[in-house]
Every structure is written in C-alpha cells, then in structure tokens.
Amino acid sequence: MTGSSLRVGELRPNQLLHTYGVGAVADMPNLSVMVCGLDEWDPLRTQVVPEDRLLAAVRAKLRAPVEALRTPPHIPESSDSFGEWTRVGVPVTLFPRWLRCTNPRCGLLAPVETGLFELLPHAFSPDRIRYVHGCRGSGGGRPTAVPARFVLACVHGHLDDFPWMFFAHRGVVPEYGGHTLTLEEQGTTGDAASLWVRCSCGVPQRSMAQAIGEKMVPNLPRCRGRHPHLRSDQFQGCGEEARTIGLGATNSWFGMQLKAFTLPQADAEIDQRVAELWKMLELAARLPEEDAKELLPNLRCWPELEQYGVDEVWKAIRRHAESPGDDDQDDELDLVTPEWNAFTRAQPVRLPDFTTEKERPPAEGKRWLEEVVLVTRLRQVSALYGFTRIDAPEWGEDGGDTEFAPISVARPTWVPCAEMRGEGIFLRFREEELATWERRPDVRRRRARLRRGHDTWRARRRLEPGHWPGIRYLLLHTFAHALIREFALESGYSAAGIGERIYSGTGPQPMAGVLLYTAAPDSEGTLGGLVTLGRRDRLGTLIDQALDAAGLCSSDPLCAERDPAEHGHLYGSACHACLFASETSCERGNHYLDRALLVDTVSDLGIGFLAAR
C-alpha cells in the first residue's frame with residue numbers, strides 16, 4: 001500500500017476484496033489508513049481477468065458501463081527494481097486525521113493538519129513508519145502519536161473523524177484559538193468510561209461514555225456525508241444520525257461482492273481458452289488469416305495461448321467465430337442457473353479450470369440423494385462493487401435492495417477482483433422426494449412461522465416486502481452448514497476455509513443442490529483433501545455423523561424452541577453452538593437456517609426432511 005508516494009505496509013491481494021477493500025480502514029503497527037477509491041488506482045499495473053458472466057452481472061448491479069474485471073496493482077515477476085517496489089501499490093490516505101500522543105504525561109489530541117506531529121518515514125521497513133510528537137517521554141525520545149480510537153459512521157456508508165472539539169465543548173465549536181485537547185485514561189479497564197476529553201480552556205472534562213450507546217444522540221452532530229476514500233472536501237449533507245464506533249470495529253466495513261465460477265464453454269481445452277479470452281481475440285477473428293497470425297503474438301492475452309501455437313489458436317478462433325451465439329441475455333445475468341447446468345450435465349468435464357467426476361451416491365442417501373459430483377478443479381472469481389457500514393448488507397447473490405457506498409467518484413469502468421482455484425463436492429437432491437416433503441401440512445406450518453419472522457425482520461428495517469428464499473432454500477442451507485462442520489473435522493481444512501453455494505428453485509427449471517468447496521489464490525489450487533471426502537465409502541458416514549450432530553445443540557432447549565415469528569429472526573432452530581459458520585463460509589450471513597427442517601430436535605419431531613432416514 002502507498003500513501004503520498006510513501007510505502008506504508010503490505011496486504012495480500014485477496015485482503016483488498018474481503019477485509020481491506022476500497023473504503024475500509026487498515027491498521028498498520030503505528031498508522032491507520034483508508035484504501036482510496038478506484039479513481040486513484042493505476043490500472044496499468046493491474047491485470048484483466050476474463051469472466052464474462054461475472055462482468056455482465058456487475059454491469060447490471062452498478063448500471064454502469066464496466067469494461068473489465070482487474071486484479072489489484074502488482075509488480076511484474078520479471079522486475080527486480082527496488083524503486084518499482086516502493087512505487088507500486090494501492091493508494092491509501094491517513095484516517096482518522098486526529099492523532100493522540102502516547103506520552104501519559106501529555107496525551108495531546110489534535111488533527112495532523114496542525115503540524116504538531118511529524119511523520120518519520122522508513123525506506124526499508126514500512127511497518128516502522130510513524131508519527132511522533134515533539135514532547136519528550138520518559139526515555140528522552142519523542143513519543144509515538146497513534147490514531148484516535150473513535151470515529152463517526154452512518155448507515156449510508158459515510159465515515160468521518162470524531163468531532164472532538166464539538167464533543168468537548170458540548171455542542172459548540174470554538175471560533176477562536178487557545179483550545180488544546182487532551183485524551184486521558186483514568187483507570188485500568190481501557191473502556192470508554194475511563195477515557196476523558198479535556199480542553200485547556202477549562203470546560204469540565206467529558207467521558208467518552210457519553211458518546212456511545214443511548215447517550216450519544218444528543219451529544220453528536222448529524223452525519224456530514226463524508227467519504228474519506230474519495231478524498232472529496234465536499235460533503236453531501238447526509239443528515240442521518242451518526243454513530244460512534246471504535247477504530248477497526250467489525251461493523252465499519254462490509255464488502256459487497258459478486259462471485260462466479262468459470263464454466264465450460266467448449267469441450268477442448270484450447271477452445272475453452274479462446275472462449276474465455278474472446279473479448280481480446282474478437283478483433284483477430286475479423287482479419288485475414290495472415291494478418292491475424294501476425295497480430296496474435298502481440299496481444300496481451302498471448303502468454304495464456306502461446307503453448308498451443310499460432311496455427312491451432314487461429315483454428316480455434318475460427319471455430320468460435322462460426323459457432324452460433326447465445327442470445328439469451330438472462331443467462332448472463334443469472335449466476336446460479338448456468339452453474340447448476342454445468343454441475344448436472346450428463347458427461348464429466350475435463351478442463352484446466354473446471355474438472356468434474358461422477359461418483360455413485362452412498363447407500364445411506366439413496367432415498368433422497370440423486371447424484372454426487374466431485375469437482376476436482378474449479379476457478380472462482382470475486383468482484384467488489386460497493387460496501388456498507390454499521391449494518392451488514394442483505395445477504396444473497398444480488399445483495400437484495402441494500403443501499404451501498406460507491407467505490408469511485410465517477411461511474412466505474414472497471415472493478416477490482418480476485419481469482420481463486422480449488423476443489424469441491426456437489427450434491428444433488430431428488431426432486432420428487434423434496435417436492436413431496438414441501439407439500440406436507442407440518443412443513444407448511446413451519447414455513448409460515450419462518451416466513452413471519454422474515455417479514456417482521458424486513459419491516460423493522462423498513463425494507464420492501466418479499467425476497468423470501470423459500471423453504472427449500474432453508475433446508476438445503478441448513479444441510480450445507482451441518483456438513484461443513486463435519487467436513488472440517490475430516491478434511492484438514494478449517495471450517496472458515498470451506499465455502500458453500502446453494503442451488504434452489506421451484507420454477508420451470510427446479511433446482512435442489514449444494515456445492516461445498518474450498519479455494520486458494522495459488523495458481524495450483526488446493527490439495528484434494530475435500531474431494532476425497534466425497535467418495536462413496538466415506539460420504540455416507542460423514543453425512544450420518546453430521547445429521548446426528550445437528551439433532552442436538554448444547555444450547556437446547558433454548559435453541560430448538562426459538563420462535564422466529566415472535567423475535568423477528570431470519571432463522572429458527574440455529575445458533576453458534578450448532579449451525580452458524582464464519583462469514584467466509586456462509587453466503588447468507590448465517591440467516592435462513594433451521595435444524596427442525598433437517599432432523600428431529602428436542603421440540604420438533606417428524607418435520608425434518610431427513611428425520612426418518
């Protein structure tokens with residue numbers, strides 16, 4: 001990461017999507033910085049990632065002419081220049097702008113613009129860059145100045161420095177000088193009640209506890225509408241109620257992403273590569289053969305095709321150009337249905353980024369499990385298109401109707417992405433068994449209670465009615481979580497490293513399946529530990545163990561007796577002790593789960609789809 005052409009730290013490319021994306025605050029050892037908007041990123045240092053389905057979905061979501069998905073800026077492997085290493089990175093800006101002296105006898109609290117703090121750079125160790133204050137500490141050296149601990153945020157994605165002067169003077173910002181603030185800690189707990197803001201003008205000191213919780217509303221100004229990551233001095237005049245949050249709080253940034261798997265577009269490997277890179281090869285297809293063959297080695301995508309030779313690539317280009325196109329634009333905007341079609345196709349697929357293998361379902365699941373597909377190689381691309389603060393976005397593939405903050409000042413022409421490779425297990429349920437279960441009266445009653453909880457949850461947040469995923473989705477989602485926990489014990493991967501993809505639908509093309517997968521940014525993907533669990537001799541036992549574990553929760557009977565309709569929850573019998581998974585695993589933020597739909601619980605008998613297996 002770079003700030004004002006000064007390297008201040010390092011982040012992994014995937015962190016720039018999942019943890020420290022545009023608008024997020026990254027904590028360095030002595031600094032706190034915010035990742036700037038895409039307007040300041042250098043696209044020449046990025047690499048275009050071909051994934052047309054995902055690109056089309058991002059365009060539809062942003063309603064903008066997004067032209068490409070790009071990786072974060074990186075240094076070419078061939079470069080060994082130290083100067084280039086210091087210049088290439090993601091632009092960041094200092095945030096918050098208020099710093100505090102760590103000398104306990106000083107405790108000065110002031111914005112960096114006052115010039116009271118000096119930045120000490122370090123050319124060879126970015127982690128040692130820090131601000132210092134001119135006072136002398138106990139050892140005679142200048143003490144470090146650290147970021148102020150609190151900031152302001154609102155539900156519309158704005159973030160601002162805490163109004164220290166406003167707060168210390170009880171709603172009045174002095175118009176004249178002579179006001180020096182200090183932040184003192186009285187006690188050893190370190191909580192807000194032990195932190196006191198004092199001004200040199202003599203006004204009574206004030207506890208930070210008055211800026212947090214129910215007491216904060218009359219003590220804080222309304223949101224000014226600031227987006228520090230866009231470096232704009234113009235405030236949008238939001239007017240929303242501002243909330244005090246701690247620096248680095250988990251609710252300060254929720255990235256909004258779209259994810260898609262690379263799917264087969266041809267049977268031969270070279271035809272698949274040409275289809276994936278067609279946007280860059282389309283020009284060559286319009287040229288005469290000799291001219292096209294001269295152009296091909298000069299294209300940016302040629303390193304990915306060079307192994308096949310110019311002649312074979314040209315033949316593949318002609319085959320793709322002459323093949324009938326797909327005029328169904330709905331498929332390009334629907335990320336799930338094409339994946340379902342690829343996983344359920346009759347014949348196995350053997351391509352570098354998508355390899356499947358059919359496996360006989362275990363005897364224990366023959367009643368309800370139609371097929372098992374081992375996905376020995378897969379590629380997933382994730383794209384960041386926005387973020388929220390305070391409240392997590394409405395979880396789902398399209399983010400629902402959640403309002404999100406922009407990642408650039410102008411309408412973006414590209415968005416950052418990350419690609420990962422790995423493996424997975426796809427389980428397809430029998431449609432007849434599932435449809436029969438959905439029509440049962442006791443299942444319909446349980447569905448009504450869960451639906452009331454869903455409607456109450458949305459009404460409390462002033463969201464439009466609807467967006468109910470269906471009882472089938474809740475069953476499949478619950479099954480996936482139960483199996484993730486069991487797989488984590490056997491595969492060698494942590495539960496946080498196993499993701500899910502739920503395929504649910506009851507329309508003209510019904511879907512009922514679950515993909516559990518793991519992926520890594522390494523070009524070789526993962527090591528096959530998950531796929532081995534899908535073999536017939538192991539899968540049946542693991543499913544039985546997962547179902548047995550789901551039947552009883554250590555929080556029962558409280559967990560089993562939870563009424564989603566009464567409490568306005570998006571889940572029924574589910575909690576951290578039995579079903580909840582990490583954010584990296586669950587596509588719905590641990591919503592839409594209910595053990596009673598899957599197995600017998602201490603309060604609900606006979607409802608579960610696999611209760612009498």
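Buried residues have under 20% relative accessible area. That cut-off applies to each view below, and the model shown is predicted.

**View 1. An edge-to-face aromatic pair, F162 and F167.**
F162 is buried, as is F167. There are 19 aromatic pairs in the structure. In the one shown here, the ring centres of F162 and F167 are 5.5 Å apart and the ring planes meet at 70°, so the pair is classed as edge-to-face. F167 also has a charged neighbour: the charged end of R206 sits over its ring, 4.5 Å from the centre.

**View 2. A stacked aromatic pair, F343 and F426.**
A pair of aromatic rings is described by the distance of the centres and the angle of the planes. The centres of the F343 and F426 rings lie 5.2 Å apart and the planes are at 15°, so this pair is stacked. Distant parts of the chain are linked by the pair, since F343 belongs to helix α11 (residues 336–343) and F426 to strand β22, 83 residues apart. F343 has a relative accessibility of 1% and therefore counts as buried. F426 is buried too, because its relative accessible area is 0%. Both rings belong to an aromatic cluster made up of W340, F343, F354, F426 and Y503.

**View 3. The largest nonpolar core, with F479 and F487.**
This core has 57 residues, and F479 and F487 are the members that touch the most others. At least two core residues come from each of β21 (369–388), β22 (414–429), α12 (431–438), α13 (441–460), α14 (471–491), β24 (511–520) and α15 (536–550). The greatest contribution is that of α14, which gives 12 residues. Beyond its neighbours within four places in sequence, F487 contacts I425, I498, L516, L530, L533, L539 and L542. Another core, of 50 residues, lies apart from the largest one; its members include V58, L108, A145 and V415.

**View 4. The open sheet of eight strands.**
The strand order is β9-β10-β11-β7-β8-β14-β15-β16, with antiparallel pairing. β9 (117–120) and β16 (206–207) are the edge strands; each has a single partner strand, so one side of each has no neighbour in the sheet. Strands of a sheet pair through backbone hydrogen bonds, either parallel or antiparallel. Strand β7 (residues 98–101) is joined to strand β11 (residues 144–147) by three bridges, and the two run antiparallel. L99 has P147 of β11 as its bridge partner.

**View 5. Strand β8 and its two partners, β7 and β14.**
β7 and β8 pair in the antiparallel sense over three bridges, and W98 is opposite P111 of β8. These two strands make a hairpin with six residues between them, where G107 adopts a positive phi near 65°. On the β14 side, two bridges connect β8 to strand β14 (residues 181–185), and these strands also run antiparallel. There, L108 is opposite T182 of β14. In a regular strand the side chains alternate between the two faces of the sheet. In β8 (residues 108–111), L108 and A110 point one way and L109 and P111 the other, and all are buried. L108 is also among the members of the core of 50 residues.

R231 counts as partly exposed, because its relative accessibility is 39%. Not counting residues up to four places away in sequence, R231 touches C36, E40, V92 and T93. With E40, the side chain of R231 makes a polar contact of 2.9 Å. The C-alpha atoms of R231 and G606 are separated by 58 Å, and the two residues are 375 residues apart along the chain.

**View 6. A buried lysine, K293, in helix α7 (residues 289–295).**
K293 has 19% relative accessibility, so K293 counts as buried. Its side chain is joined to that of E289 by a polar contact of 2.8 Å. Leaving aside neighbours within four places in sequence, K293 is in contact with V310, D311 and W314.

**View 7. R588 and the ring of Y473.**
The charged end of R588 sits over the Y473 ring, at 5.0 Å from the ring centre.

Key:
Residues numbered from 1 in each chain as written. Predicted model: local features only at pLDDT ≥ 70, side-chain atom pairs only at ≥ 80, totals over all residues. Heavy atoms only, no water. Core = buried A, V, L, I, M, F, W, Y, C linked by side-chain atoms within 4.5 Å. Buried < 20%, exposed > 50% of the residue type's maximum accessible area, 1.4 Å probe, protein only. Helix = DSSP H or I, 4+ residues; strand = E, 2+ residues; numbered from the N terminus. Contact = heavy atoms within 4.5 Å. Pairing = 2+ DSSP bridges. Phe/Tyr/Trp six-rings, centres within 6.5 Å; stacked < 30°, edge-to-face > 60°. Lys NZ or Arg CZ within 6 Å of the ring centre and 35° of its normal. Polar contact = N/O pair within 3.5 Å; in protein donor to acceptor, adjacent residues only side chain to side chain.
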